[in-house]
Amino acid sequence: MELKQLGATVIQVDNKSAIELAKNPVNHERSKHIDVRFYFIRDHVKEGNVKLVHVASRDQVADIFTKPLPKVLLDKCKKIIGMMDGRSI
């Protein structure tokens, strides 16, 4: 069975520069270090398959999986994604 996607996949990014670079492929000194294999996102943004949306760093729930967080922020992310303490189950 093949499923069709309705609309763009939304990716929440906490880096405004990355969003602008994906939308406007300007080749300049500050972006020349980016490997060509990562340019695929530009094509998907241009085609409308992917939509990049800015989210404040404090609200970036993916951080819970990628880096150590202060306890307050860790607890907030756990609540947002619905993670429960094993002792409360």
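Predicted model: local features only at pLDDT ≥ 70, side-chain atom pairs only at ≥ 80, totals over all residues.
## Burial and overall make-up

A residue is called buried here when its relative accessible area is under 20%, exposed when it is over 50%, and partly exposed in between (1.4 Å probe, protein chains only). Residues are numbered from 1 along each chain as its sequence is written, and side-chain values use heavy atoms, with hydrogens and water left out.

The secondary structure comes to 4 helices and 2 strands; helices (H or I, at least four residues) and strands (E, at least two) are DSSP runs, numbered from the N terminus. Reading along the sequence gives the pattern β-α-α-β-α-α. Take the contacts (heavy atoms within 4.5 Å) between residues at least 6 apart in sequence: 55% of them join residues at least 24 apart. The chain exposes about 7,600 Å², of which carbon and sulfur atoms supply 57%; accessible areas come from the Shrake-Rupley method with a 1.4 Å probe, and for residues only the protein chains shown count as cover.

## The nonpolar core

A nonpolar core is a set of buried Ala, Val, Leu, Ile, Met, Phe, Trp, Tyr and Cys residues joined through side-chain atoms within 4.5 Å. The largest one has 6 residues: Val 13, Ile 19, Ala 22, Val 45, Val 50 and Leu 52. Helix H1 (16–23) and strand E2 (50–54) each supply at least two residues of this core.

Val 13 is a handy place to start exploring. Setting aside neighbours within four places in sequence, Val 13 is in contact with Ala 18, Ile 19, Leu 52, Val 53, His 54, Val 55 and Gln 60.

## Salt bridges

Side chains of opposite charge can pair when their charged atoms come close. With a salt bridge taken as a side-chain nitrogen of Lys or Arg within 4 Å of a carboxyl oxygen of Asp or Glu, the structure holds 4 of them. One of these links Glu 2 to Lys 4, with the closest N and O atoms 3.7 Å apart, and both residues are exposed.

Helix H4 has its own set to look at. Lys 71 pairs with Asp 75, their closest N and O atoms being 2.9 Å apart; the two lie in helix H4, 4 residues apart, about one turn of the helix. Lys 71 counts as exposed because its relative accessibility is 60%, whereas Asp 75 is partly exposed at 31%. Asp 75 also meets Lys 78 in a salt bridge (3.9 Å, N to O). Through shared partners, salt bridges join Lys 71, Asp 75 and Lys 78 into one network.

Lys 78 is partly exposed because its relative accessibility is 25%. Beyond neighbours within four places in sequence, its contacts are Ile 64 and Met 83. The C-alpha atoms of Lys 78 and Ile 64 are separated by 7.6 Å, although these residues stand 14 apart along the chain.

Met 83 lies in the segment after helix H4 (71–81) and is partly exposed, with a relative accessible area of 41%. Together with Phe 65, Ile 80 and Ile 81, Met 83 forms a nonpolar patch on the surface, with about 410 Å² of accessible area in total. Patches are made of residues with over 30% relative accessible area and no salt bridge: like charges are joined within 9 Å, and nonpolar side chains (Val, Leu, Ile, Met, Phe, Trp, Tyr) within 5 Å.
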